[in-house]
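Let's take a walk through a protein model together. Keep the sequence and the 3D view side by side as you read.

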Amino acid sequence: MKNSMYSLLSVIGARPQIIKSAAISRAIKNNYSGAVREIILHTGQHYDQNMSEIFFNELQIPKPNYNLNVGSGNHGAQTAKMIKGIEEVLLNEAPSGVILYGDTNSTLAGAIAASKLHIPIFHIEAGLRSFNKGMPEEINRIVCDHASTLLFSPTDAGIRNLIKEGFSTENEEPYTIDNPGVFHVGDVMYDNSLYFATLAEEQAPLKEYAGLNLQPGCYILATIHRDSNTDNSSRLNNIFRALLDISEKKGVDIVLPLHPRTAKMLNQNLETGLYKRVISSQMIKITQPASFFEMITLEKNALMVMTDSGGVQKESYFFKKPCLIFRPETEWIEILDSGSALLVDADYDSIMDGYVQLLEKNCEYPQIFGDGRAAEAIMEVIMRQLVSPFR
Ligand code: UD1
C-alpha cells in the first residue's frame, strides 16, 4: 500500500465527518485502491464511543492511521491543538492532497495546516452558507473554501454562493489555490443514505431501538445539539416546552437521541419545573446518541423530524419526511423551497403551528441532492488533478 502512486489524507473529527468520509473511502477502495493510499487522520474532536467509534464499525471505514485525541475545549484551544497535530502528520506524510469535510473546527484546522504547507485542499460540502457569522461553522466554511484548490458543492445554492464570493466554475485546469476548480457534484450523505438504507433496517430494526417498541409513523424524531440552542436558556426552554406540549396535547411520542452537549445543558439551562416534566415524561423518549444505522431507521419511519442539525434536515428529506428546523436560517435552502421543511427557530408558537401545518400538507421531495454517486464524481475530479503534470 505504501507504494501507491498518490496519497490522500482525510481529516475527520466530528460525527458527521466520519459519516461523510465513508462514501469517499468506499469510492477509493472500489475504484482506485492500487493508485491511491488513503491516510485517515482523526482529530479526536468527538471521542465518546457512540459519537465516534460506532460509526467506523457500521460504515466499514478503515481505522484512522492517526488520532490526535484533542477532546473538548474552547474553540481556540481545541482548534490550535488540532492545527499543531495535523501539521506534524502532514510534514511526516507529505500527501498529494488533503480532503476536508463540512464545517467543523476539525475542517478549519485542516485548512490552516494544509494551506500553510502548500498542500492542495479538496473541500467536500463547499459553498454552503447560513449568512450568520455568529455560528462557528460559518467562519469555518468560509476559511476552508478560500483555502481550497478543489471545491465540491452538493447543491446549486452552494455554487451560487461561491460565485458571489468571487469563485468561478469556468476556471480551467491546472487548478491551484489561486485558480480553484468549483464543481457541483451532489451530496455524499445522500450516497450513504441510499447505500446503507436496506442494511440499516436489517441491522437496526425499528422495534428494537432502545427497547422502545416503536411503530412506523407513530413518533416524531427530534435532535438538538447546536450551542445556540443548548447554551441559551430561553431558547432551550421554548423548544422543550413545545416538545412537551406536542407530545402531551397531540398524543404523539417524541424520540430524542441526546447529543452529550445537550445532555449536560438540560439540567443547567431548563427551568426546574420543566426539567422535571421532561425527565419524567412518558411521551418524550430520551436515548443515547443513535448510531448511523439506528438514525436511518428512525428517520425512515418517523412521522416527522424536528432538528437543529444540518445533516438530519437533509436525511429527513432523503427519506421524504417533513421537518421542523430549530434555527432561524438554514444552509439547505432547497429543502425550504420544496415546502417540506419550515424554519421555526426556537419559537414556541411557530413550533406548535409548524407541526400542524406540515402534518396536514402533502409534501413533495424532488431529487436535488444528486444521484447517489457524488463520491465517485468527486474522486474522478481529484484523480484528474493528481495526475496533472502541472500539479
Ligand atoms: C460539532 C461541530 C458541529 C457539528 C457537530 C456534530 C464545530 C464548531 N461544531 O459540534 O458543526 O454539527 O459537531 O455533532 O466543530 N462532547 C462529548 N463527547 C463527545 C463529543 C462532544 O461529551 O464525543 C461534548 C463536550 O462537552 C464538548 C461538547 O460536547 O465540549 C461540544 O462538542 P464539540 O465537538 O465542541 O462541538 P459539537 O457541539 O459536537
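This is a predicted model: local features need pLDDT of at least 70, side-chain atom pairs count only at pLDDT 80 or more; totals for chains, interfaces and linings use all residues.

## Getting oriented

Residues are numbered from 1 along each chain as its sequence is written, and side-chain values use heavy atoms, with hydrogens and water left out.

## Around the ligand

Which residues are closest to the ligand? They are Gln45, His46, Asn105, Glu137 and Lys264, out of 21 residues that surround it. A residue counts as near if one of its heavy atoms lies within 4 Å of the molecule. Four helices each supply at least two residues of this shell: α1 (15-31), α3 (75-93), α5 (136-146) and α10 (260-269). The most comes from α10, with three residues. Sorted by class, the shell has six nonpolar, nine polar and six charged residues. In that sorting, Ala, Val, Leu, Ile, Met, Phe, Trp, Tyr, Cys and Pro are nonpolar, Asp, Glu, Lys and Arg are charged, and the others, Gly among them, are polar.

Now look for polar contacts, meaning pairs of N or O atoms within 3.5 Å. The side chain of Gln45 has an N or O atom 2.8 Å from a ligand oxygen, and for the side chain of Glu137 the distance to a ligand oxygen is 2.7 Å. On its own the ligand has 740 Å² of accessible area, and the protein covers 90% of that (areas by the Shrake-Rupley method with a 1.4 Å probe).

## A pocket and a cavity

Rolling a probe the size of a water molecule over the atoms shows where empty space is left. Here the search uses a 1 Å grid over the protein atoms alone: a cavity is a set of points where a 1.4 Å probe fits but cannot get out, a pocket is an open set with protein on both sides within 12 Å along at least five of seven lines, and lining residues have an atom within 4 Å of a point. Grid points are joined across faces, edges and corners, and a volume is the space filled by probe spheres set on the points.

The second largest pocket has a volume of about 330 Å³. It is lined by 18 residues, and Ser25, Ile28, Lys29, Glu38 and Pro62 are the closest to its centre. Two or more lining residues come from each of α1, β2 (36-42) and α7 (188-203), with α1 giving the most, six residues. There is also one cavity of 30 Å³ or more, and the largest cavity has a volume of about 40 Å³. Its lining includes Ile124, Glu125, Phe152 and Ile378.

Side chains of opposite charge can pair when their charged atoms come close. With a salt bridge taken as a side-chain nitrogen of Lys or Arg within 4 Å of a carboxyl oxygen of Asp or Glu, the model has 21 salt bridges.

One of them joins Glu125 and Lys314, whose closest N and O atoms are 3.3 Å apart. The partners sit 189 residues apart: Glu125 is in the loop between β5 (121-124) and α5, and Lys314 is in helix α13 (residues 310-318).

Where is the cis peptide bond? It joins Glu173 and Pro174, with omega about 0°, and Pro174 lies in the loop between α6 (156-164) and β7 (181-184).

Gln60 is not a glycine, yet its phi is positive, at about 55°. You'll find Gln60 in the loop between α2 (53-58) and β3 (66-67). Ala94, also not a glycine, has a positive phi of about 40° and is in the loop between α3 and β4 (97-101).

Terms used: A polar contact is a pair of N or O atoms within 3.5 Å; within protein, one must be able to donate a hydrogen and the other to accept it, and residues adjacent in sequence count only if both atoms are side-chain atoms.
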